[in-house]
Amino acid sequence: MNEVVLTSDDSSSIYSSRFDALYHSKHGAIQESQHVFIKSGLQEFIHLRKTQELNVLEIGFGTGLNALLTLIEAESRNINISYKGLEAYPITDDLFHKLNYSSILDCENEFNSIHSTPWNEVSTISRSFTLFKKKCLFQEFEDEKRFDVIYFDAFAPNTQEELWNLDMMKKMYSLSRNGSILVTYCAKGVVRRTMQEAGFEVSRIQGPPGKREMLRAIRTT
Ligand SMILES: C[S@@+](CC[C@H](N)C(=O)[O-])C[C@H]1O[C@@H](n2cnc3c(N)ncnc32)[C@H](O)[C@@H]1O
């Protein structure tokens, strides 16, 4: 059975019995998401491209924490973000109600909206943030749209080898455009090389608390 657990920064995460893995780092779920996806992905893209409007794709929507942190960033910077979160196995309401992100981040209404909004349609969650939660396997996902920032937040390669192969990296490349940024918490050499083979320029950068490095990939053509 899946269950909610507490991580070292006092924010919750979920243990998945299907994958025998945690949804976040045990060293801190909020700290990890903020560092890997917001600071190293979203903020870096905004800094480089100086844009007021962008599309984010998340692979592995899970608890909705990355979506919530992205909404907070959009509101505080007054920029428009259109967010698509893919999830094959949505969490239950029971687990959702046990997560403590909205009390830590003081945004109960926003987090409730993120969760109660229907799957497979676009919803306006706030002035600056629209959300499309898509229930599907990433392997089966197709979209005409090209995304500016991709949060690749699948379970680790030793747990979900099928999501870290060259086909999946090429798929992410084709979902991006020149200047797009892809970030993941994973820093493995084989992942880095597979991303490079798919066409990305990849750097190892400072990881979140408890982890030395992570990967940031940029599409340059
Ligand atoms: C590491 S957790 C992601 C945590 C999430 N980003 C969060 O902040 O809560 C990985 C997520 O990917 C989902 N997942 C696993 N296999 C998938 C697949 N093939 N396609 C889409 N989502 C998948 C899992 O159900 C889980 O929610």
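In what order do the eight strands of the open sheet run? The order is E6-E7-E5-E4-E8-E9-E11-E10, with mixed pairing; strands here are DSSP runs of E, at least two residues long, helices are runs of H or I of at least four, and both are numbered from the N terminus. Two strands count as paired if DSSP finds at least two bridges between them. The model is a predicted one, with local features needing pLDDT of at least 70 and side-chain atom pairs counting only at pLDDT 80 or more, while totals for chains, interfaces and linings use all residues. Residue numbers start from 1 along each chain as its sequence is written.

At the edges of the sheet sit E6 (122–126) and E10 (201–206); each has a single partner strand, so one side of each lacks a neighbour in the sheet. From one strand to the next, the twist averages 20°, taking axes as lines fitted to C-alpha atoms (for helices, over the stretch in contact) and angles from 0 to 180 degrees between N-to-C directions. E6 runs antiparallel to E7 (residues 129–135), joined by four bridges, and Ser123 is opposite Leu131 in E7.

Then there is the hairpin. E1 (residues 3–6) and E2 (residues 12–16) are antiparallel and joined by four bridges, with Leu6 partnered by Ser12 in E2. Five residues lie between the strands, and Asp10 takes a positive phi near 75°.

As for the helices, the axes of H6 (residues 166–174) and H7 (residues 189–198) come within 8 Å and cross at roughly 50°. The crossing is right-handed, that is, the near helix is turned clockwise from the far one by less than a right angle.
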